[in-house]
Amino acid sequence: MDERPFEQVQKDLTDQFVRDEPATETDEELGNAVLGVILQSERLRHGVEASGPKQAEVDRETINRLYNQTELGPEHVFAESIFKRLAVDPASAMRHYRQAIDQRNRTQSQRAKSARPRSYDSITRLINDIVRDDPALKTTAVLDELAAIDGIIISDGEIRNTQDAETMKVSNLPSRVSDARKRFSG
């Protein structure tokens, strides 16, 4: 029997899986590999080294616990669905997992692309409004239009909104105009 603490043995088993995982190509191969790591981990935890009736019993109990997971809280409902599928059809578990990750990535990507107008300061919102009307405006023209707005003061290299005390350096205006053009140029 291995003399190392179980936590170390389990960590080594997981590290080996992570190193070897790229060799799996299909959902079925990956699902079977994940299930194999779980079964091996439980065998080690129960001190079962050789195949036989004791190993078969530990494997049966592990599969049963995966399928009938009741120890996790509601925040782990997705993990429970993966465990249940892993016990019955490892390939389905991996497809489900990959689809969920892909969906989460698409959602995050859409969220990142969406405009968040409330996150802009008042001067940037004014720049956005000016550029939205005419994306071809030069930075100097945008500065002139800002200067024409009541409550905007341009002095000492700063643009100041007197209504909310927001300030911005005039030297930052070209990048703000460029960002606004990107947002509104289709």
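Thr124 is placed in helix α6, which spans residues 122-133, where helices are DSSP runs of H or I with at least four residues, strands are runs of E with at least two, and both are numbered from the N terminus. With a relative accessible area of 6%, Thr124 is buried, a term used for residues under 20% relative accessible area, whereas exposed denotes over 50% and partly exposed the range in between, with a 1.4 Å probe and protein chains only. When residues up to four places away in sequence are not counted, Thr124 touches Arg176 and Arg183, contact being defined as heavy atoms within 4.5 Å. The model is a predicted one, in which local features need pLDDT of at least 70 and side-chain atom pairs count only at pLDDT 80 or more, while totals for chains, interfaces and linings use all residues. Residues are numbered from 1 along each chain as its sequence is written, and side-chain values use heavy atoms, with hydrogens and water left out.

The protein contains eight helices and three strands, and their order along the sequence is α-α-α-α-α-α-α-β-β-β-α. Along the principal axes, the C-alpha atoms fill a box of roughly 85 × 35 × 35 Å. Of the 186 residues, 25% are buried, and among contacts between residues at least 6 apart in sequence, 45% join residues at least 24 apart. The protein exposes about 12,400 Å², of which carbon and sulfur atoms supply 50%, the accessible areas coming from the Shrake-Rupley method with a 1.4 Å probe.

Helix α5 covers residues 90-113 and includes His96. Not counting residues up to four places away in sequence, His96 touches Phe78, Ser81, Ile82 and Arg85. The side chains of His96 and Ser81 are joined by a polar contact of 3.4 Å, that is, a pair of N or O atoms within 3.5 Å, of which, within protein, one must be able to donate a hydrogen and the other to accept it, and for which residues adjacent in sequence count only if both atoms are side-chain atoms. His96 and His46, which are 50 residues apart in sequence, are separated by 30 Å in space, C-alpha to C-alpha.

Ala91 is also found in helix α5 and is buried, its relative accessible area being 10%. Apart from neighbours within four places in sequence, Ala91 is in contact with Asp27 and Glu28. Ala91 and Leu30 are 61 residues apart in sequence, yet their C-alpha atoms are 7.3 Å apart in space.

Most residues other than glycine have a negative phi. Asp156, although not a glycine, has a positive phi of about 55°; Asp156 is in the loop between β1 (152-155) and β2 (158-161), and at 80% relative accessibility it counts as exposed. Ala165 likewise has a positive phi, near 65°, and is a residue other than glycine. Ala165 lies in the loop between β2 and β3 (166-169), and with a relative accessible area of 53% Ala165 is exposed.
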